[in-house]
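Subject: Structure for you to look at

Hello,

Here is the structure I said I would pass on. Please open it first, then read the notes below it.

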Amino acid sequence: MALSIYNTLSKAKEPFQPLVGNQARLYVCGMTVYDFCHIGHARVMVAFDVVTRWLRTRGYDVTYVRNITDIDDKIIRRANENGEPFEALVERMIAAMHEDEARLNVLRPDIEPRATGHIDGMQAMIQTLIDKGFAYAAGNGDVYYRVGKFAGYGKLSRRKIEDLRIGARVEVDEAKDDPLDFALWKGAKPGEPSWASPWGDGRPGWHIECSVMSTCCLGDTFDIHGGGPDLVFPHHENEIAQSEAATGKPYANAWMHAGAVRVDGEKMSKSLGNFFTIREVLEKYHPEVVRYLLVSSHYRSPINYSEDSLREARGALERFYQALRGLPQASVSGGEAYAERFAAAMDDDFNTPEACAVLFELAREINRLRDSDPAAAAGLAARLKALAEVLGVLQLDADAFLQGQGVGKVDAQQVEALIAARLQARAEKNWAESDRIRDELAGLGVVLEDGKGGTTWRFAD
Ligand code: ZN
């Protein structure tokens, strides 16, 4: 079966057909680096990490580009508040972003172009658009895109220009010919970072960045363009208008959009105060728990983020790691039918919840065979790990994971020390002390499991 991908442009699943050979060229809109990444960003990072991992597993030669917006209003404002150059803020936030994604086991994109590294390309595309009549210098230092001139405007978000005009906000001292027109170049205001241009000092608008960086890295037409749920309109609509008007060619073949993250059933927003950065969440939860929460839903479905859903994700991972725990190292053997079903799920528009369900069945099979046929169970455990690698989970040592659940509560060394003290007490037949330590461990949420090979432990759910 061929890989099919839901295309926002056609609103249908389509077989994935690379434009060139077996190349898969993918561009995803990345972060505006003025603050730490939040869980909405984590979702986009993880969703497209899984997409690239599966494309590679399927043998495609993937080029994954995710840009960095390193100049914009929010960056300038925040840098001014902090009293630092915008470059310093941006460097710090990019380093933090890379740290966050590494903790979530997100592989780095192949290319991470930065907007400020492509100013020349943006000016060239803006000039082309002016020459073709799709853009105009407004005389106040801004250059605008003439939305009404592009016949395909609204094709991605299914909006009609007439309807948009009715809703458009007309601002006083409007330099635009039409309220729908958007800025390609913004004339510099005093004290702002700026670049020289034929239209005066200024800086690029946000939308032009992505048209230029994608084309620069991947060509005029490429296979997949992705991003977060809020980007369909206007950002991606505007990217299409810019690129197709400038090149006269189709822009991206398929458009993929991750679903929204809701917090306790509400839209996540700074004003509601239900806003979590990745690092805040990782103070309380193991990174793999957060990752599993994200991959156990389909990338297009809304995710509800709550303490309950995190606990559920942790419980699921604990069941997986308990199946993997204590089996000898082995190479992959058996479980071909599971691998086929896993592949069929992933080929169906990256259906990760279905893929997770297959992994659960495989884990149950491992548990069934564990005592009667440990060698077969070990071969299947290797299969489970190999399949789970596509989702970026279950690659840790099982004990390390199960004992790493006390994030923020107690560390593994402390638990080991108490277990050793309890063993010592038992050796000395000091049952009162042994029981006291057992109670102390229970109070820390540690479950002891006395077995043939000694005492192992894990944190309780
Ligand atoms: Zn973009």
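This is a predicted model: local features need pLDDT of at least 70, side-chain atom pairs count only at pLDDT 80 or more; totals for chains, interfaces and linings use all residues.

The whole chain

The protein chain has 461 residues, and 52% of them count as buried. Its C-alpha atoms fill a box of roughly 90 × 55 × 35 Å along the principal axes. Taking contacts between residues at least 6 apart in sequence, 74% join residues that are at least 24 apart.

The hairpin

Strand β1 covers residues 4–7 and strand β2 covers residues 12–15; the two pair in the antiparallel sense over four bridges. Within this pair, Y6 stands opposite K13 in β2. The two strands form a hairpin with four residues between them, and K11 in the turn has a positive phi of about 55 degrees.

Strands of a sheet pair through backbone hydrogen bonds, in a parallel or an antiparallel way. In this model, four strands form an open sheet in the order β4-β3-β9-β10, with parallel pairing. β4 (61–66) and β10 (252–257) stand at the edges with a single partner strand each, so one side of each has no neighbour in the sheet. On average, neighbouring strands of this sheet are turned by 20 degrees against each other, direction ignored.

Strand β9 (residues 222–227) runs parallel to β10, and five bridges join the two. Is G226 buried or exposed? G226 is buried, because its relative accessible area is 0%, and the cut-off for buried is under 20%. Leaving out residues up to four places away in sequence, G226 touches Y27, V28, C29, F48, H236 and M256. K267 is 41 residues from G226 along the chain, and their C-alpha atoms are separated by 21 Å.

The zinc ion

Which residues coordinate the zinc ion? They are C29 through SG, C210 through SG and H235 through NE2, at 2.0 to 2.1 Å. C210 lies in helix α6 (residues 206–218) and H235 in helix α7 (residues 232–247), so this pair ties together parts that are 25 residues apart in sequence. The spacing of the donor residues in sequence is C-x180-C-x24-H. Both C210 and H235 are buried. C29, another of the zinc donors, is also among the residues that G226 touches.

Helix α2

Helix α2 spans residues 73–82, and I75, I76 and A79 in this helix are buried. Why are they on the same side of α2? They cover an arc of only 95 degrees around the axis, and therefore they share that side. The buried residues of α2 pack against α3 (86–103) and β8 (202–204).

At the N-terminal end, D72 caps the helix, with a side-chain oxygen 3.0 Å from the backbone nitrogen of K74. α2 is followed by G83, whose phi is positive, near 65 degrees.

Regards

Note on methods. Residues are numbered from 1 along each chain as its sequence is written. Side-chain values use heavy atoms; hydrogens and water are left out. Buried means under 20% relative accessible area, exposed over 50%, partly exposed in between (1.4 Å probe, protein chains only). The arc is that of the directions from the helix axis to the C-beta atoms. Contact means heavy atoms within 4.5 Å. A polar contact is a pair of N or O atoms within 3.5 Å; within protein, one must be able to donate a hydrogen and the other to accept it, and residues adjacent in sequence count only if both atoms are side-chain atoms. Two strands pair if DSSP finds at least two bridges between them. Donors are N, O and S atoms within 2.8 Å of the metal (3.2 Å for Na, K and Ca); water is not among the atoms, so sites may look incomplete. Axes are lines fitted to C-alpha atoms, for helices over the stretch in contact, and angles run from 0 to 180 degrees between N-to-C directions.
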